[in-house]
Amino acid sequence: MSFQVTGLGLNKMKLDSPPSFLDQEEAEEADDPQLLEPEAWRTYMERRTALRGFLTSDLSPRLLRRHHARTELLKKCSYYIEILPKHLALGDQNPLLLPTATFQLIDPWKFQRMKKVGAAQAKIQLLLLTDLLEQLDRGRAELGALLGSPDPRPFLAGWGLVERRLADLAAVMDSFLAMTVPGRLHMKHRLVSDVGATKIPHIRLMLSTKMPVMFDRKESVAHQDWVSLRWFATIQPVAPEQFELRFKLLDPRTQQECTQCGIIPVAACTFDIHNLMPNRSYKFTVKRADSYTLVYEPWRDSLTLQTRPGPPKGPTPSRPGKPGPPLTTLSER
């Protein structure tokens, strides 16, 4: 943090309860009708400028909006366990540095237990991020109200508590920024069983995230009896990914219409679904296909499209010799 606070004690105020910036004695001193001396006035202006600088830079509304957006994005991410050698940094998953044989040495039962630990850690981390943001929002509102007070004397009398509040909020901001990056998973037991190997590799487990998969609302369109769907990830993956696409007819009216649903594995970011019913609403969801290292996926994108109305009802001349369309057609583009 760029804002520096000096002369603080070790006992900090609790952030989950609004502070009372003036105690009874300080309030009585603030009622003194005497005007501020020039030196006191300079001190007041310096402290007011410092507080305003903190609220417009380190705790600005724009910065808080960015942190809120970042937290909402993390709530939509997929969380995975990354298995890395101790000398390899997160994000440098080079197959040459981490042979497949290393993964095969890991005890499957212990790895499943670590996946539960990873899921719990991801959930707790998201809850803590939300709580820290609430503390920052609440702290900014409190300090902003103090800054708007027309009487300088209470401001000066309660400056010691203001300093402690600023230090607390700076610490909360540091905790928030550190927590936006998934951390290391701590292992209580060895994951690699003793298989008589001459050298057991030294590994560590990390939580990593993948950006959410979202439908392209502009490119996904519905026609009379088919839809063209397109989706993307915020950050393009290095290697091709597998996806799981689901579709379902909303408000089916007959037993046969209840069969208008399905789960489709897709190895691309586009897909066409044919032989749908005209003038009906369908719900589509997309996500990455499940993998062995996936530990937590709290969200998946969904999209509702309505097919266009069909031709007017009535007898239509048939064309002899031309077969009708198949019952169901799924095509990947």
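These legends describe close-up views of a predicted model.

**View 1. The largest nonpolar core.**
This core holds 42 residues. Leu 59, Tyr 79, Ile 81 and Leu 136 touch the most other members. Several elements give two or more residues to it, including helices α2 (38-56), α3 (61-74) and α5 (108-147). Strands β1 (78-85), β3 (203-210) and β11 (294-296) are also among them. Helix α5 gives the most, with 12 residues. Two domains take part: the core draws at least three residues from each of domain 1 (43-179) and domain 2 (211-307).

**View 2. Ile 81 and the residues it touches.**
Which residues does Ile 81 touch, not counting those up to four places away in sequence? Phe 111, Met 114 and Lys 115 are among them.

Strand β6 covers residues 227-233. Is it mostly covered or mostly uncovered? It is mostly covered, with 5 of its 7 residues buried. Strand β4 (residues 213-215) runs antiparallel to β6, and 3 bridges join the two. In this pairing, Val 213 has Ala 233 of β6 as its bridge partner. Strand β9 (residues 270-273) is also antiparallel to β6, with 4 bridges between them.

**View 3. The hairpin of β5 and β6.**
Strand β5 (residues 221-222) pairs with β6 over 2 bridges, in the antiparallel sense. The bridge partner of Ala 222 is Val 227 in β6. How many residues lie between the two strands of this hairpin? There are 4 residues between β5 and β6.

**View 4. Trp 41 and Tyr 44.**
The model has 8 aromatic pairs. One of them joins Trp 41 and Tyr 44. The pair is tilted, with 5.3 Å from centre to centre and 45 degrees between the planes. Both residues belong to helix α2 and are 3 residues apart, so about one helical turn separates them. Trp 41 is partly exposed, because its relative accessibility is 43%. Tyr 44 is buried, with a relative accessible area of 6%. Trp 41 and Tyr 44 also form one aromatic cluster with Phe 155 and Trp 159.

**View 5. Tyr 79 and Tyr 296.**
Why is this pair called tilted? The ring centres of Tyr 79 and Tyr 296 are 6.2 Å apart and the planes are at 40 degrees, so the pair counts as tilted. The pair links distant parts of the chain. Tyr 79 is in strand β1 and Tyr 296 is in strand β11, 217 residues apart. Tyr 79 counts as buried, because its relative accessibility is 2%.

**View 6. Lysines over rings.**
Lys 115 places its charged end over the ring of Tyr 292, 5.3 Å from the ring's centre. Lys 210 lies over the face of Tyr 80. Here the distance to the ring centre is 4.7 Å.

Note on methods. Residues numbered from 1 in each chain as written. Predicted model: local features only at pLDDT ≥ 70, side-chain atom pairs only at ≥ 80, totals over all residues. Heavy atoms only, no water. Core = buried A, V, L, I, M, F, W, Y, C linked by side-chain atoms within 4.5 Å. Buried < 20%, exposed > 50% of the residue type's maximum accessible area, 1.4 Å probe, protein only. Domains from an automatic or database assignment. Contact = heavy atoms within 4.5 Å. Pairing = 2+ DSSP bridges. Phe/Tyr/Trp six-rings, centres within 6.5 Å; stacked < 30°, edge-to-face > 60°. Lys NZ or Arg CZ within 6 Å of the ring centre and 35° of its normal.
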